[in-house]
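Trainee: I keep getting lost when I look at a whole protein at once. Could you take me on a close look at the main nonpolar core, and show me what lies around it?

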Amino acid sequence: MSGTVLTVGDKVRWDGRAWTLAALEGSRARLLGETGAIATVLLSHLLADSGFEVVGGPPQVKVAAAGLLDMLPDRVRQQALSWERHVREVESGAAVSGGVPRAEYDPAVTTLAQREAAKAAELTAAGAATSVTTVRRMRARYRDQGVWGLVDQRTTRPASATGRADQRVVEGVMAVLGRQRDRSTGTLTRLRDQVRWHLEEVHGPGVVAVPPASTFNRLVHALADGQGLLGSAVQRRSHSSRPAAPFSSTVALRPGELVMLDSTPLDVLAVLADGVTGRPELTIALDVATRSVCAAVLRPSGTGSVDAAVLLAEMVAPMRMRPGWDAALALQRSVVPYERLLGLDERLQGSAARPVIVPETVVVDQGAVFVSSSFLGACESLGVSLQPVPPANGPAKGAVERTFRSINHRFCQYVAGYTGSGAAERGRRVQKEARWTLPQLQELFDEWLVCGWHSRKHAALRHPMLPHLSLSPIEMWGALVGIAGYVPLPLAWENHVELLPVRWQPVNDYGIRFDYRTYDSAALNGHRRNRTSAGAAVQLEVHHNPYDPARIWVRLPGGFKEVPWIHATQVSMPFTDSAWRHIVSTVARTTDRDAHEVALARALDTLLRRAGTGTGTRRERTVAAHAAAAASLALDALVPAPADTAAVDGALERRGEGPDVEGAQRFPAPEDLVESGFDEGEGEDCVPSSGPPRPSHVLNPYQEAQQWLQ
């Protein structure tokens with residue numbers, strides 16, 4: 001046998017055993033094992049197996065690593081090619097194919113040993129001392145490795161980044177660098193001391209010496225540069241949060257296929273009640289396929305689970321045009337197929353040019369807001385899959401993180417009260433520059449999203465049929481809607497209630513009580529003190545709004561029923577659950593539970609009134625300001641009133657707590673929401689009024705329920 005030719009009777013090794021080739025039948029080979037086993041194998045499979053070899057046959061032919069020669073210095077490469085010509089001349093008589101052999105290298109009249117001796121003498125005479133042994137060694141290397149075997153291997157050894165440094169010191173440096181990845185940034189002097197302590201602990205005092213400071217610093221940079229082990233704490237955390245290689249970028253091919261939710265403090269100071277300023281928190285939903293900001297919510301102090309749930313509801317509802325907006329911002333003026341979409345969803349009539357996207361999969365981080373039971377329930381009720389990313393893994397949702405930076409550069413720095421992204425960028429009198437209230441800031445941001453974000457070309461958005469053409473988010477949505485289609489998802493008011501946080505409570509004679517608040521109405525009659533067959537109290541499903549604790553919604557056999565707080569008329573100003581918790585923590589209980597609840601309600605009203613007049617403490621004014629700002633954005637905007645609002649109001653009036661009772665809370669009616677506009681403010685110092693809270697323009701469920709969901 002020669003080359004790759006197999007003949008019957010050859011001894012081969014395959015599958016870890018020795019075989020004898022017994023027969024060749026077309027494309028199959030029949031093998032006979034030493035123990036009598038018989039195997040029939042396809043020749044293509046047999047020859048391609050990495051463990052196949054012919055016993056006693058010639059070595060497998062190896063392709064010369066010619067590509068590796070390009071990385072060598074010219075001198076080394078030319079030396080290897082020169083040796084190739086010498087070896088060929090010794091073996092075949094001619095240095096090049098088809099050449100005429102010289103007399104001392106003619107295979108017809110000389111032996112191989114004579115040609116090896118002649119070549120050694122020729123090279124020695126030329127000034128390169130060479131022995132016959134060297135010529136034979138070069139022949140063997142050329143036969144095994146080709147031209148690469150003739151290269152001076154000293155020039156191919158990889159350079160060590162650490163040079164001749166003690167390996168124990170190298171291991172100590174890497175160990176200490178790994179331990180301080182999550183610590184605050186220190187100096188190289190601290191690192192050198194920590195390495196010395198580590199070496200003494202591992203090898204004993206005085207066994208391994210730490211290099212001098214300059215040598216140690218060069219060693220640290222050689223080991224850590226580019227590995228995310230040096231630099232600021234933010235840079236180290238960012239590097240360590242990268243997913244393990246190999247990984248690919250996130251790809252979404254249709255609107256809603258992948259939507260990323262995240263929150264961040266906005267780099268703008270907003271004016272809350274009584275002139276108190278604070279940085280609101282921005283929560284957005286970003287569609288990866290179109291880079292559209294489908295929804296955005298601003299809150300005064302931290303995003304709650306109800307905000308994340310409302311964000312989902314806002315995504316599937318069109319954004320209405322606001323008073324004072326340019327007509328060019330309307331969806332009808334955009335590039336989307338407006339008439340065709342209007343035939344599918346009448347809610348798009350008079351809407352702004354913001355995509356309406358129904359999410360399929362929502363990507364969230366491990367924040368308590370996005371893994372709460374209410375948010376999980378909201379996703380389940382809307383048929384949305386939830387995909388949490390690993391903890392502290394920013395790159396897993398890099399698209400939304402990059403969007404936050406674009407919002408900071410293209411919106412925040414142009415707004416009065418811009419704080420900069422850090423203390424080094426902050427001005428001296430930022431608090432005095434702040435002039436926008438939270439509802440006004442929400443209005444400005446919504447308008448900027450339509451005219452400054454969705455209409456701007458994005459380098460990552462390419463037309464499916466014209467890859468060279470970059471598109472804006474609204475253009476990309478219009479292009480993908482024509483391919484993937486559009487299915488509207490209108491929400492009834494009951495669906496908005498479903499998105500609120502839920503808890504299970506029994507109904508007693510006094511009604512439903514939790515968090516030192518008692519809720520009661522005639523709708524609960526027939527469900528009081530009910531028991532199961534096992535004797536346990538029957539618990540009803542209760543949904544509550546943290547931004548409007550004055551009422552709850554209870555699921556009864558006929559649907560959700562609104563149940564008011566029995567002491568709602570004791571508090572004349574809007575409040576939130578956070579303000580209530582502040583009162584509970586500061587007012588000591590000195591009497592029975594009912595009297596204590598009345599005392600809490602009166603203390604809350606006193607706090608809100610005192611803070612509104614500027615006579616409260618700084619803590620009280622801050623609590624009241626946050627409560628007023630949150631309520632002005634969320635009161636009745638999260639959940640509209642049911643169809644039987646009149647019946648509920650009548651029940652409250654009979655209790656002396658209805659909207660017509662003096663001092664009672666008055667919630668805006670649907671027609672009030674339609675006619676209310678955006679007040680820019682007239683003075684330099686824009687301070688929110690102490691009147692009734694303005695309803696949110698982020699989502700108007702009253703209009704949704706009245707116009708499309710009846």
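Mentor: The protein chain folds into 22 helices and 20 strands. Keep in mind that what you see is a predicted model. Of the 710 residues in the protein chain, 46% are buried. Take the contacts between residues at least 6 apart in sequence: 63% of them join residues at least 24 apart.

Now for the part you asked about. In soluble globular proteins, nonpolar side chains tend to be buried together. Here the largest nonpolar core has 42 residues, and the ones with the most contacts inside it are Leu261, Leu312, Leu331, Phe375 and Trp477. Which elements give two or more residues to this core? On the strand side, look for strand 6 (259-265), strand 10 (292-299) and strand 11 (361-364). On the helix side, find helix 9 (305-315), helix 10 (338-344), helix 11 (373-381) and helix 15 (473-484). Helix 9 gives the most, with six residues.

Leaving out residues up to four places away in sequence, Leu312 touches Leu261, Val362, Phe375, Ala378, Cys379 and Leu382. Two of those partners, Leu261 and Phe375, are also on the list of residues with the most contacts inside the core. There's a second, separate core too: it has 35 residues, with Val363, Leu441, Phe445 and Trp453 among them.

From the core, let's move on to pairs of helices. Two packed helices are described by the angle between their axes and the distance between the axes. Who meets whom? From helix 5 come Val169, Val170, Val173, Met174 and Leu177, and they meet Phe216, Leu219, Val220, Leu223 and Ala224 in helix 7. The residues of this contact are 10 nonpolar, with no polar and no charged ones.

Now set another pair beside it. Helix 2 (residues 74-92) and helix 3 (residues 112-125) pack at an angle of about 145 degrees, with their axes 9 Å apart. This crossing is right-handed. Trp83, His86, Glu89, Val90 and Glu91 of helix 2 meet Leu112, Arg115, Glu116, Lys119 and Leu123 of helix 3. The make-up of this contact is four nonpolar, one polar and five charged residues.

While you're on helix 2, pick out Gln79, which lies in that helix. Gln79 is partly exposed, at a relative accessible area of 38%. The C-alpha atoms of Gln79 and Asp152 are separated by 8.5 Å, though the two residues sit 73 residues apart along the chain.

One last stop, at a loop. Most residues other than glycine have a negative phi. Find Asp515, in the loop between strand 16 (512-514) and strand 17 (517-519). Asp515 has a positive phi of about 55 degrees, although it isn't a glycine. Tyr516 is in the loop between strand 16 and strand 17, and its phi is positive at about 60 degrees, again without being a glycine.

Notes: Residues are numbered from 1 along each chain as its sequence is written. This is a predicted model: local features need pLDDT of at least 70, side-chain atom pairs count only at pLDDT 80 or more; totals for chains, interfaces and linings use all residues. Side-chain values use heavy atoms; hydrogens and water are left out. Contact means heavy atoms within 4.5 Å. Helices (H or I, at least four residues) and strands (E, at least two) are DSSP runs, numbered from the N terminus. Ala, Val, Leu, Ile, Met, Phe, Trp, Tyr, Cys and Pro count as nonpolar, Asp, Glu, Lys and Arg as charged, and the others, Gly among them, as polar. A nonpolar core is a set of buried Ala, Val, Leu, Ile, Met, Phe, Trp, Tyr and Cys residues joined through side-chain atoms within 4.5 Å. Buried means under 20% relative accessible area, exposed over 50%, partly exposed in between (1.4 Å probe, protein chains only). Axes are lines fitted to C-alpha atoms, for helices over the stretch in contact, and angles run from 0 to 180 degrees between N-to-C directions. A crossing is left-handed if the near helix is turned anticlockwise from the far one by less than a right angle, and right-handed if clockwise.
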